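I begin with the interface and then turn to the helix pairs and salt bridges.

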Amino acid sequence: MDYNDLTDESLLALIVEADRQALESLYDRYGSRVFSLSYRILSDQGASEEVTQDVFLNVWRRAASYQAGRGKFTTWLFGIAHHRAIDELRKRSRTRLNNNESVDDHLSLESGDPQPAEAAITSSEYGMVRAALKELPEEQRRVIEMAYFGGLTQAEIAEELSQPLGTVKTRMRLGLRKLKSALSPRFQVPEL
Amino acid sequence: MSASDSADQITSDDLAAYALNALDEERRALVEARLGESETLRLELEEFEETAASLAFAVPEITPPDSLKEGLLRRLDEESRSGAATEPVLAAVSAASAGNAEADASSRAGASDSDVGAETRGWIASPAVAWSVSGALTAALVLLVATSTVMFIRLNDRVTDLSARLDREAESVQTVSQSVREMEDEVDHAMSSAQEVSQVEEATNALEQKLRDQRWLQYALSTGTWTSPSWFSGAALQEASPQGMLVAHNSDGRALLMVDGLPPPPAGKVYQVWLFKGDEPSPGSTFTVDRHGYAVVELQFDGETETYSGAQVTMEPAGGSEAPTGDPVLIQSSP
């Protein structure tokens, strides 16, 4: 059986049966993406490595709880990764939090050693999501980034920006809706 | 609808914030409680969550070291081993518990039967037998008095011994107190040493982090044609000696600036890079540094890199400025 030909859901079904190679295959597909997200949130390589390992161990333990009818595998996986990284961030001192950055301010390194096909997909997804983000009004993009990458709650964002809480809530909702519209025609998270 | 009802109402705003992990714990718990009750809420949340998950792709992809996967597989092995070891142990404990329970139950049943039998036999004893019992009780009383006397003498001796021991131990307590004071001094000394070790460890961690970033930077440099590094140094009158290094890509206008030794900016402030054409500065990226004063910043040149004559870093209000408002903290010292 060639694991590379299997869908994410098929690999998960094998993981439920304690198939270790299936987990390795999922890691090969998404490990660097999970690590990159963790590193963007935590800015700490050691902590990002630990978070990445925790995420895939969680996949190993909780594979049976994934319900294909309730969203894509990648939504589930990145949901776990984001929760874990934000939890870690909130445990740490907020002094390291870089609230004033935007995605554009951050170090942009190319993938270390991707296969050519992977590199093309990666570059394409990265470019499309960033392009979609840039379509958002600045104030909506900012609250989304402060929440998703900075780990701030709505109330904390309102305080940071000196804006009413209701304004922040509205910007967050409108921003996500607009982002969805901007992504819909050109971006689908790949289901292998 | 009362104010309380309104506060308990889950809105689209709540769901969007939930998908971004931006709710406080109380509100989050309320959303989770309501999700189980409403299919409509759940479907709306799924849409927000899917959009939020796409943000994971807005980050440049970095390949983690091979050791990360090796570590994951190692943890998987450990978990599998501990899981395999736990089940038989649990089974054995469970079986043992079941066995003990049976044994306890049968033992209790046996004791009960025996006690009931004894009581039954006592209640049917005849008067003749009762006299014999009375004589035996008298003998037992005499024996009890004799035994008590002996015990009293022994107890008295014991109290005397204990008093002597207490006197001796009072002296020991003084000696021990002295030792404790000496140990406290030693602990203070050890704590002081531990703090020093902790500081050394912190510095070592910072150096390791820099080394890792340097390796990534080296990798970045190896992926294309980059200019020779330009070096930055701190402006005068700064306590620390901040430094910087800038390399620019020869073809696509990208540049990387690595800084070290800058103090973390105060709240509401950021550092900002300025790229100069002649005497005219143009605003570059804003950034902050980690607690060790270290950061790597991506810059984008507008047009040919050769047209730029220099660069500086200043401290600016959060969000950056259109023109420098602060004094330079880093100045490009070589072209």
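I looked up the interface and found 59 residues of chain B in contact with 73 residues of chain A, where contact means heavy atoms within 4.5 Å. The model is a predicted one, in which local features need pLDDT of at least 70 and side-chain atom pairs count only at pLDDT 80 or more, while totals for chains, interfaces and linings use all residues. Residues are numbered from 1 along each chain as its sequence is written, chains are lettered from A in the order in which they are written, and side-chain values use heavy atoms, without hydrogens and water.

For the area, I noted that chain B and chain A bury about 6,500 Å² between them, 59% of it on carbon and sulfur atoms; buried area is the accessible area (1.4 Å probe) lost by two parts on being put together, summed over both.

I then looked up the salt bridges between chain B and chain A and found 9, each a side-chain nitrogen of Lys or Arg within 4 Å of a carboxyl oxygen of Asp or Glu. Arg177(A) forms one with Glu44(B), with the closest N and O atoms 2.8 Å apart. Several elements of chain B each supply at least two residues to the side that touches chain A, among them helix 2, helix 4 (39–54) and strand 3 (254–260); helices (H or I, at least four residues) and strands (E, at least two) are DSSP runs, numbered from the N terminus. Helix 4 of chain B gives the most to that side, with 11 residues.

Next I looked up helix 8 (residues 165–183) of chain A against helix 2 (residues 12–19) of chain B, whose axes come within 9 Å and cross at roughly 70°. Axes are lines fitted to C-alpha atoms, for helices over the stretch in contact, and angles run from 0 to 180 degrees between N-to-C directions.

Lastly, I searched the whole structure and found 23 salt bridges over all chains. In one, the side chains of Arg29(A) and Asp8(A) meet at 2.7 Å, N to O. This pair links distant parts of the chain, with Arg29(A) in helix 2 (residues 20–42) and Asp8(A) in helix 1 (residues 8–16) of chain A, 21 residues apart.
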